[in-house]
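Dear colleague,

Please find below the structure I am handing over to you, together with its sequence. My findings follow after it.

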Amino acid sequence: MNADSAPDMPGTIVREQLRRNAEGVILFDPGVSPQVDHDWFDPDHWRRHGVLQAQPGGRGGVAVIDTPAGECVLRHYRRGGAVAVLMGDRYLWTGASHTRCFAEFRLLQALCRLGLPVPEPVAVRYRRRGLWYSADLITRRIARAETLAERVTVAGIGTELAEEVGALVARFHRESVWHADLNAHNILIAPAGLYLIDFDRGRFRAPADGWRLANLQRLRRSLIKLGAAEGREAAFDSGVWASVLRGYERTFSA
């Protein structure tokens, strides 16, 4: 098996239900909420009820919504980079099981079964228009959380937090989980601990040092871009980044 081969997801997916109508297709977890309809994916619906709070994050931001299932985060899938100018929120249709939202929903369910710290998936929806589709994801909100990027910008990152970050990443790598965009914006700091979010395009991969190191280097570049090195990259590597790697290696080899 090569480095890009993906092992099967652990466990069997049993908690999902489909709802179809002219507006699109919803996949949801009936164990979280037995009733999810298309209004759940409409920010204006929640705004009219006074229970919507827009937040920065991701491409175009996310919305915090107070649903019958509790506080959740609603995210609309949008493209990034130069292609976003042409495609916006449209993706090529290749089948329901290959939609970005179905893949992320099922991956999050698998990660929850492994006991990994991720947001619990509630529901996803795709709306198909000919050769294209758009999509949305709803997950449970992680209470009183801030991103690692916010923490670094305001207070920097000490060696203790850096070790915790390294340990967090190692937990996912031990289970052969690859995060497609491992950066400080996608790590949450909450009273209950650290969480990893935004698993769009993430997947299980065959164990290999190459992709693990590339994941870590992506995180390192993110921290430096946010100013964690304070212009002294050598000191950052021997201090903060060494602590990240220490936490990573201790957890990965445990």
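In this predicted model, Val 165, Val 169 and His 173 of helix α5 meet Trp 211, Arg 212, Asn 215, Leu 216 and Leu 219 of helix α6. By class, the residues of this contact divide into 5 nonpolar, 2 polar and 1 charged. The two helices, α5 and α6, pack at an angle of about 150°, and their axes lie 11 Å apart. Angles over 145 degrees count as roughly antiparallel, and α5 and α6 are therefore roughly antiparallel to each other. The crossing of α5 past α6 is right-handed.

Just after α6, Gly 227 adopts a positive phi of about 95°.

The packing of α6 against α7 is at an angle of about 140°, with the axes 12 Å apart. That makes α6 oblique to α7. Here too the crossing is right-handed. On the α6 side, the contact involves Arg 212, Leu 216, Gln 217, Leu 219, Arg 220, Leu 223 and Ile 224. They meet Glu 233, Phe 236, Asp 237, Trp 241, Leu 245, Tyr 248 and Phe 252 of α7. This contact has 9 nonpolar, 1 polar and 4 charged residues.

Yours sincerely

Note on methods:
Residues numbered from 1 in each chain as written. Predicted model: local features only at pLDDT ≥ 70, side-chain atom pairs only at ≥ 80, totals over all residues. Heavy atoms only, no water. Helix = DSSP H or I, 4+ residues; strand = E, 2+ residues; numbered from the N terminus. Axes fitted to C-alpha atoms, helices over the stretch in contact; angles between N-to-C directions. Parallel < 35°, antiparallel > 145°, perpendicular 65-115°, else oblique. Left-handed = near helix turned anticlockwise from the far one by under 90°. Contact = heavy atoms within 4.5 Å. Nonpolar A, V, L, I, M, F, W, Y, C, P; charged D, E, K, R; others polar.
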